[in-house]
Amino acid sequence: MKKQKMKFKDKVQFSIIIGIFAVIVSACVISILHNDMTASAEDNFRRLEQQVSVTVPNDNVHKKEITSTIGGRSYSYGHNVSTLSKKNNECIGWLTVNDTGISYPVMQSTTDHQKYLNRDFNGNYSLSGTPFLDYRCSLESANMIIYGHHMNDGSMFGTLMNYIRKSYRDSHKTITFETRNGTKEYTVFSVMKTTVDDDWYKFVSAQSAEKFCKRVAYANEHSIYNTGIKPSMSHKLLTLSTCTNASEDERLLVIAYEN
């Protein structure tokens with residue numbers, strides 16, 4: 001009995017099915033590897049955090065939400081920036097936004113401006129990267145811009161997307177940045193959806209109070225909602241920048257002023 005040959009139409013359909021199946025399998029494998037790499041990166045950050053975590057009296061630092069009492073004295077949890085710098089001299093501080101999952105070292109390379117876009121604290125390749133300060137900024141800048149990835153699992157700067165809701169901002173309005181200059185707290189006053197070529201990324205220094213006020217007015221005008229806050233030049237600004245994942249060029253900016 002002769003075997004029936006597969007018709008050309010059937011061959012095409014079979015090839016399409018095999019192709020679709022291969023794409024699905026590949027996507028699943030990539031997704032699993034991506035999640036494993038992200039989880040591993042988070043584990044590394046948490047281990048690093050344990051190594052540099054310290055408790056300090058509240059009369060030595062700005063008071064934080066997480067406190068404890070030892071021997072009748074109030075203490076806050078912080079991070080030893082000196083130890084971080086000894087581990088990697090390109091680490092300039094530690095950034096924390098309570099109850100958001102954001103608690104990471106902040107890096108700055110003077111030789112490779114985007115070095116930590118895809119590198120971990122130790123300089124090894126990492127899909128998650130490590131938050132880093134814009135190369136044009138210093139700790140004395142009028143506006144410090146810190147970049148971080150928006151990971152699909154919400155890690156790194158992923159939870160910043162929650163700031164598009166004013167109610168979330170109202171309950172998570174304080175950002176803590178620990179550096180060699182001490183621990184400082186910032187209050188979120190503007191949340192902007194913008195693009196990579198927005199003029200805000202050019203704002204690092206303020207030549208005058210008038211120009212600073214114009215920048216603040218710009219941030220308020222383009223904010224998703226109105227907080228009614230207008231910082232003066234005496235309040236330095238801190239900007240957290242991340243992708244929205246809506247398009248390649250769209251960015252979310254969470255802008256805060258120093259308390």
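Me: What does pLDDT stand for in this model, and what is its mean for the protein?
Reply: pLDDT is the predictor's confidence in each residue, on a scale from 0 to 100; for the protein the mean is 85, and 76% of the residues reach 70 or more. This is a predicted model, in which local features need pLDDT of at least 70 and side-chain atom pairs count only at 80 or more, while totals for chains, interfaces and linings use all residues. Residues are numbered from 1 along each chain as its sequence is written, and side-chain values use heavy atoms, with hydrogens and water left out.

Me: Why is strand β5 called mostly covered?
Reply: A residue is buried when its relative accessible area is under 20%, exposed when over 50%, and partly exposed in between (1.4 Å probe, protein chains only). In β5, residues 102-107, six of six residues are buried, and the strand is therefore mostly covered. In the protein, with 259 residues, 45% count as buried.

Me: What makes β4 and β5 a pair?
Reply: Strands are DSSP runs of E with at least two residues, and helices are runs of H or I with at least four, numbered from the N terminus. Two strands pair if DSSP finds at least two bridges between them; β4 (residues 91-97) and β5 have six, in the antiparallel sense, and therefore pair. Val-97 has Ile-102 in β5 as its bridge partner, and in the hairpin, with four residues between the strands, Asp-99 takes a positive phi near 65 degrees.

Me: How many contacts beyond four places in sequence does the model have for residues 60-75?
Reply: With contact meaning heavy atoms within 4.5 Å, the model has 41 for residues 60-75, over which pLDDT stays under 50.
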